[in-house]
Amino acid sequence: MTGIILPVGRYRASPSGVIGLSGRVVAPGDNALHSAELRLAGRPLPLVGTARIYVCGITPYDVTHLGHAATFVWADLLASVVSGAGVTPVVCRNVTDVDDVLTRAAESRGRYYDEFALGQEHQFGQDMLRLGVRRPDHEPRARHHVAHVVQLAAALLETGHAYERDGCVWFGGAEALARSGLDRDRALELAAAYGDAPDDPAKRDPFDVPVWRPSSERDPAWPSPWGWGRPGWHAECAAMAMAVLGAGVDVLVGGDDLCFPHHTYQSAMVAAATAGSAFARRELHVGAVHQGGAKMAKSTGNLTLVGELLDRVPAPAVRMLLLDRSWSVPWDYEPAALGAAELRLERLYVAAGRTLPGDAGGSAVDAVTQRLLDDLDVPGALDVAEAEGGDAARLAVKVLALG
Ligand code: ZN
């Protein structure tokens with residue numbers, strides 16, 4: 001046997017980081033961030049190869065305000081940091097296009113819910129495009145995943161976590177209450193505020209929520225083993241996440257108002273249906289944006305529209321306004337803050353234009369990346385970038401998509 005003869009000369013010119021036949025290891029030197037150092041929500045989140053990120057998206061019945069934008073810009077930054085660390089983010093951002101609020105909004109305009117939703121989705125897409133938010137890899141719509149909600153309901157019935165009553169499949173909520181860490185009164189208050197109707201006599205326990213429910217003449221309806229009906233809100237996101245990303249995700253992202261009941265129930269349903277443990281390794285609940293001391297909301301007219309802001313100032317200034325703070329802390333928007341964000345951006349650009357001798361910026365680049373990997377500490381990264389300039393500032397501009 002003669003063995004295999006390799007063309008030695010060709011392999012000596014191997015790319016960096018590959019062991020050539022000469023046995024020499026060449027350091028890559030082109031990957032500044034290290035995913036193993038990522039911390040999120042106060043704890044290490046080691047990632048290998050892929051990061052599955054599920055972002056709770058919009059219910060398309062209304063215009064995008066600054067509070068919505070904050071969630072999606074932070075999700076975008078997370079994907080950017082993960083990507084810079086050599087891990088491929090797989091982002092799934094759903095559209096909740098089966099929802100009673102949407103149905104009523106369409107009805108009041110004499111429109112079909114799905115056709116009305118598409119128009120709103122288009123507007124939202126335009127706002128995200130202008131803000132420089134990258135398109136997610138997956139954008140599932142609830143109405144395309146009704147069959148998966150039926151599968152989820154069947155799985156929950158099978159595993160004893162749900163029961164059927166008069167065409168409605170109820171998910172037993174005792175577990176969800178335990179997971180929430182909330183006291184009962186506060187949880188009841190939130191359940192009522194977010195439409196879970198704890199005082200509905202049709203269910204066994206105030207904390208039970210519908211996985212599937214019958215539809216009236218005015219609601220969209222699909223066939224199911226329990227009659228014509230439609231999915232419950234929490235079940236929609238549970239089913240979409242499982243159908244697109246599998247039984248677990250690395251990060252679950254949403255506004256902090258989604259923490260309970262929505263994300264608590266979504267996670268509890270997935271765990272119950274799969275006999276798994278936690279659905280999300282980490283949750284990124286973005287602090288609410290207030291205005292005049294109250295949460296932004298269309299219902300009260302207390303809001304700033306993203307589209308209107310973008311007509312007045314460049315998108316990087318709006319991104320700076322949203323990102324130059326701690327992601328988890330609620331804050332109050334004041335127009336003066338936009339001017340401060342523009343000045344911060346200007347200083348960063350000036351710093352990025354500075355040229356440093358030799359590799360003088362190497363440690364500053366490392367410092368910027370360390371700040372970003374440490375719970376997405378944008379203010380810390382920007383402080384270093386601004387002070388040190390050169391490559392460090394250029395890296396901040398790139399990762400934060402401020403260019
Ligand atoms: Zn959701």
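Predicted model: local features only at pLDDT ≥ 70, side-chain atom pairs only at ≥ 80, totals over all residues.
Reader: Which atoms coordinate the zinc ion, and at what distances?

Author: The coordinating atoms are SG of Cys56, SG of Cys237 and NE2 of His262, at 1.9 to 2.1 Å from the zinc ion.

Reader: Are the cysteines there buried or exposed?

Author: Cys56 counts as buried because its relative accessibility is 5%, and Cys237, at 0% relative accessibility, counts as buried too.

Reader: How many disulfides turn up in the whole structure?

Author: A search of the whole structure gives zero disulfides.

Reader: And what about Cys168, where is the closest cysteine sulfur?

Author: The closest cysteine sulfur to that of Cys168 belongs to Cys237, and because the two are 18 Å apart, they are too far from each other for a bond. Cys168 itself counts as buried, since its relative accessibility is 7%.

Reader: Back to helix α8, where I was wondering about Glu236. Which side chain of opposite charge is nearest to Glu236, and how far away?

Author: Glu236, which has its place in helix α8, is buried yet has no salt bridge, and the nearest side chain of opposite charge is that of Arg213, 6.4 Å away.

Reader: What does Glu236 touch, then, leaving out residues up to four places away in sequence?

Author: With those sequence neighbours left out, Glu236 is in contact with Thr96, Val98, Ala142, Val149 and Pro231.

Reader: Changing topic, what is the strand order in the open sheet of three strands?

Author: The order in that open sheet is β12-β11-β13, and the pairing is mixed. The edges are formed by β12 (294-295) and β13 (331-333), and each of them has a single partner strand, so one side of each is left without a neighbour in the sheet.

Reader: How many bridges join β11 to β13, and do they run parallel or antiparallel?

Author: Strand β11 (residues 289-291) is joined to β13 by three bridges, and the two strands run parallel.

Reader: Which residue in β13 is the bridge partner of Val289?

Author: The bridge partner of Val289 in β13 is Trp331.

Key
Residues numbered from 1 in each chain as written. Heavy atoms only, no water. Disulfide = S-S within 2.5 Å. Buried < 20%, exposed > 50% of the residue type's maximum accessible area, 1.4 Å probe, protein only. Donors = N, O, S within 2.8 Å, 3.2 Å for Na, K, Ca; no water. Helix = DSSP H or I, 4+ residues; strand = E, 2+ residues; numbered from the N terminus. Lys, Arg positive; Asp, Glu negative; His and termini not counted. Salt bridge = Lys/Arg side-chain N within 4 Å of Asp/Glu carboxyl O. Contact = heavy atoms within 4.5 Å. Pairing = 2+ DSSP bridges.
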